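I opened this notebook to keep track of what I looked up, in the order in which I looked. The entries begin with a single residue and move on to the sheet, the helices and a few places in the loops.

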Amino acid sequence: MEYAYVEADLEHPLHRIAVRELIDAYARDPMGSGAGLPQEVIDRIVPGLHAHPGCVVFLAYAGDEPAGVAVCFVGFSTFAARPLLNVHDLAVLPQHRRRGVARGLLGRVEARARELGCVKLTLEVLEDNVAAQALYRSVGFADADIGAGARRTWFLERRLD
């Protein structure tokens with residue numbers, strides 16, 4: 001099957017629908033939260049992404065059918081004094097997995113990061129998501145190294161709601 005990759009236009013009605021559906025499907029997946037998103041969250045996804053400065057979204061299509069999404073945000077590396085691109089969400093619908101869709105999305109992400117002059121790509125991955133870790137390592141991701149040797153970097157959060 002052929003896949004097409006596009007940068008999402010968050011004003012385009014079909015792209016808006018695709019982003020909403022793909023993010024909700026990702027949330028339902030065991031590697032997401034295992035449950036669908038509340039409707040009020042689904043309703044806020046696209047307007048929130050569209051209003052967020054530095055948001056970059058790519059979509060993968062199988063014909064007219066959305067197959068995958070990469071939601072990224074431009075950040076800044078103070079240690080390099082250059083931008084970076086964080087892959088916040090990378091999701092492929094189950095029926096399109098193991099067909100190179102995630103790899104294709106990551107290729108588009110990397111190309112955009114290079115256009116933006118980014119020093120690196122960053123992402124977080126669950127410890128038990130072995131398939132995703134294998135993919136990320138196969139395309140060059142490695143444990144973060146901030147110059148003091150290979151040390152594990154933890155992703156922490158403090159919930160505000």
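**Entry 1: D29.** I looked up D29 and found a relative accessibility of 14%, so D29 counts as buried (buried is under 20% relative accessible area, exposed is over 50%, and partly exposed lies in between, with a 1.4 Å probe and protein chains only). I note that the model is a predicted one, in which local features need pLDDT of at least 70 and side-chain atom pairs count only at pLDDT 80 or more, while totals for chains, interfaces and linings use all residues. Residues are numbered from 1 along each chain as its sequence is written, and side-chain values use heavy atoms, with hydrogens and water left out.

I placed D29 in the loop between α1 (13-28) and α2 (39-51); helices here are DSSP runs of H or I with at least four residues, strands are runs of E with at least two, and both are numbered from the N terminus. A polar atom of the D29 side chain lies 2.8 Å from the backbone nitrogen of M31. When I set aside the neighbours within four places in sequence, I found D29 in contact with G34 and R97, where contact means heavy atoms within 4.5 Å.

**Entry 2: the sheet.** I traced an open sheet of five strands in the order β1-β2-β3-β4-β5, with mixed pairing (two strands pair if DSSP finds at least two bridges between them). Its edge strands are β1 (4-7) and β5 (121-123), each of which pairs on one side only. From one strand to the next I read an average twist of 30°. As a reminder to myself, strands of a sheet pair through backbone hydrogen bonds, either parallel or antiparallel.

**Entry 3: β4 and its partners.** Where does β4 stand, enclosed or open? Eight of its 11 residues are buried, so β4 is largely enclosed by the rest of the structure. I followed β3 (residues 65-77) against β4 (residues 82-92) and found antiparallel pairing over 10 bridges. Among these pairs, C72 has V87 as its bridge partner in β4, and F76 has P83. On the side of β5, the two strands run parallel and three bridges join β4 to β5; here V87 stands opposite L123.

**Entry 4: the hairpin turn.** I saw that β3 and β4 form a hairpin with four residues between them. A81 is found in the loop between these strands, and its phi is near 55°, a positive value in a residue other than glycine. Most residues other than glycine have a negative phi.

**Entry 5: R98.** I then turned to R98, in the loop between β4 and α3, and found a phi near 65°, again positive in a residue other than glycine. R98 counts as exposed, with 77% relative accessibility.

**Entry 6: α1 and α2.** I looked up how these helices meet, and found that they pack at an angle of about 130°, with their axes 10 Å apart (axes are lines fitted to C-alpha atoms, for helices over the stretch in contact, and angles run from 0 to 180 degrees between N-to-C directions). That angle makes α1 oblique to α2, given that angles under 35 degrees count as roughly parallel, over 145 as roughly antiparallel, 65 to 115 as roughly perpendicular and the rest as oblique. The contact involves several residues, including R16, V19 and I23 of α1 and I42, V46 and L49 of α2.

**Entry 7: α3 and α4.** For α3 (residues 101-115) and α4 (residues 130-138) I noted a packing angle of about 45° and axes 11 Å apart. These two helices are therefore oblique to each other. On the α3 side I listed A102, R103 and L106, which meet L135, Y136 and S138 in α4.

**Entry 8: G140.** Last, I looked past α4, into the segment after it, where G140 is found. G140 is exposed, with a relative accessible area of 59%. I followed the chain from there to D161, 21 residues apart from G140, and found their C-alpha atoms separated by 36 Å.

Notes
Polar contact = N/O pair within 3.5 Å; in protein donor to acceptor, adjacent residues only side chain to side chain.
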